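Please look over the fold in this report.

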Amino acid sequence: MQLPEETAHEKRRETGEPAPTPGTRRPGGRTARTRAAVRDAVLAGLTEHGYPGLTVEYVAEHSGVHKTTLYRRWKDVEGLVADALDLAGEDSWVPPDTGSLEGDLRALAREVVASFTDPAVAVSGSAMIAAAFQSERAAVALRHYYAERFARCEVLVERAARRGELPVSAVVGTAADTPAALPPDTASGTAPAGAIDAGALVRSVSAPLFFRLFITREPIGNTHADQAVAVTLAAARAGAFTTGGTVDDSSGTAP
């Protein structure tokens with residue numbers, strides 16, 4: 001069971017322990033079942049009452065876990081919400097592999113649309129994001145959740161580079177400030193000129209979708225997903241995500 005005062009992501013960052021490989025899970029057993037029941041109750045409470053209305057008593061009643069145990073392990077509502085997000089990041093989700101960068105990004109963008117327009121799942125996801133605006137610990141947990149999600153997606157860019165779809169010399173990820181994320185000859189912590197920032201490219205696809213969802217509160221659909229992909233691909237090919245270069249808006253190719 002994770003420590004109540006920190007998320008598993010924070011613990012990994014402090015100890016240097018690598019993030020779990022997608023598709024791996026922590027050992028099962030009673031502790032895992034308890035944690036899952038608590039997570040489900042937290043999601044139900046956020047969906048039904050929002051963060052201001054979520055209480056430890058509600059989670060105890062709907063999870064079957066005594067509130068004394070909840071207070072001992074998670075301390076408070078913030079701890080419960082942070083752990084629910086951390087548990088969500090331990091799933092087996094992997095990014096799409098369609099054989100092309102355009103196909104992968106389109107599938108990814110359409111998955112975002114489906115996640116936030118499907119009534120069966122949209123409310124709980126939106127409630128989690130709303131909680132992050134009211135709780136700093138929830139915000140930290142949400143940030144780590146999406147950082148890990150985007151890190152999983154960087155393989156899309158790596159595959160595209162190997163196929164020659166992107167004119168780059170190397171690919172760096174969201175953790176480009178750590179030597180492990182850099183090519184062997186750039187262990188100093190500086191991304192080489194001509195390397196593409198995979199994390200920035202992947203974020204560029206979902207950014208306009210999240211803007212419509214949570215800022216302007218406009219409807220989204222697959223048309224918007226495809227538009228976001230088209231813009232991201234054009235920017236990538238023009239060198240917008242490439243380090244040490246400038247966007248060439250005349251030829252449409254990376255400098």
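## The nonpolar core

The largest nonpolar core has 57 residues. Within this core, V42, L46, L70 and V81 touch the most other members. Helix α8 (residues 136-163) gives the largest share of this core, nine residues. A nonpolar core here is a set of buried Ala, Val, Leu, Ile, Met, Phe, Trp, Tyr and Cys residues joined through side-chain atoms within 4.5 Å. Buried means under 20% relative accessible area, exposed over 50%, and partly exposed in between, with a 1.4 Å probe and protein chains only. In soluble globular proteins, nonpolar side chains tend to be buried together.

This is a predicted model: local features need pLDDT of at least 70, side-chain atom pairs count only at pLDDT 80 or more, and totals for chains, interfaces and linings use all residues. Residues are numbered from 1 along each chain as its sequence is written, and side-chain values use heavy atoms, with hydrogens and water left out.

## Around L70 and L80

What does L70 contact beyond its neighbours within four places in sequence? The partners are V38, V56, V59, A60, V65, K75 and L80. Contact means heavy atoms within 4.5 Å.

L80 lies in helix α5 (residues 77-88). L80 is buried, at 2% relative accessible area. Residues up to four places away in sequence aside, L80 touches V38, V42, V56, V59, L70 and W74. L80 and V42 are 38 residues apart in sequence, yet their C-alpha atoms are 7.0 Å apart.

## Helix α2 and its packing on α7

Two packed helices are described by the angle between their axes and the distance between the axes. For helix α2 (residues 30-53) and helix α7 (residues 119-132), the angle is about 65° and the axes are 9 Å apart. Axes are lines fitted to C-alpha atoms, for helices over the stretch in contact, and angles run from 0 to 180 degrees between N-to-C directions. The crossing of α2 and α7 is left-handed: the near helix is turned anticlockwise from the far one by less than a right angle.

From α2, the contact uses L43, L46, T47 and Y51. They meet V123, S124, A127, M128 and A131 of α7. Seven of the contact residues are nonpolar, two are polar and none is charged. Ala, Val, Leu, Ile, Met, Phe, Trp, Tyr, Cys and Pro count as nonpolar, Asp, Glu, Lys and Arg as charged, and the others, Gly among them, as polar.

T34 is also found in α2. T34 counts as buried because its relative accessibility is 16%. Apart from residues up to four places away in sequence, T34 touches V65 and R73.

## Positive phi in two loops

Most residues other than glycine have a negative phi. K75 is not a glycine, but its phi is positive, about 75°. K75 sits in the loop between α4 (67-74) and α5. K75 is partly exposed, with 48% relative accessible area.

R217, also a residue other than glycine, has a positive phi near 55°. The loop between α9 (198-214) and α10 (222-237) holds R217. R217 is exposed, at 61%.

## The whole chain

The chain has ten helices and two strands. Their order along the sequence is α-α-α-α-α-α-α-α-β-β-α-α. Helices (H or I, at least four residues) and strands (E, at least two) are DSSP runs, numbered from the N terminus.

Of the 255 residues, 42% are buried. Among contacts with a separation of 6 or more, 65% join residues 24 or more positions apart. The chain exposes about 12,700 Å², and carbon and sulfur atoms supply 55% of it. Accessible areas come from the Shrake-Rupley method with a 1.4 Å probe; for residues, only the protein chains shown count as cover.
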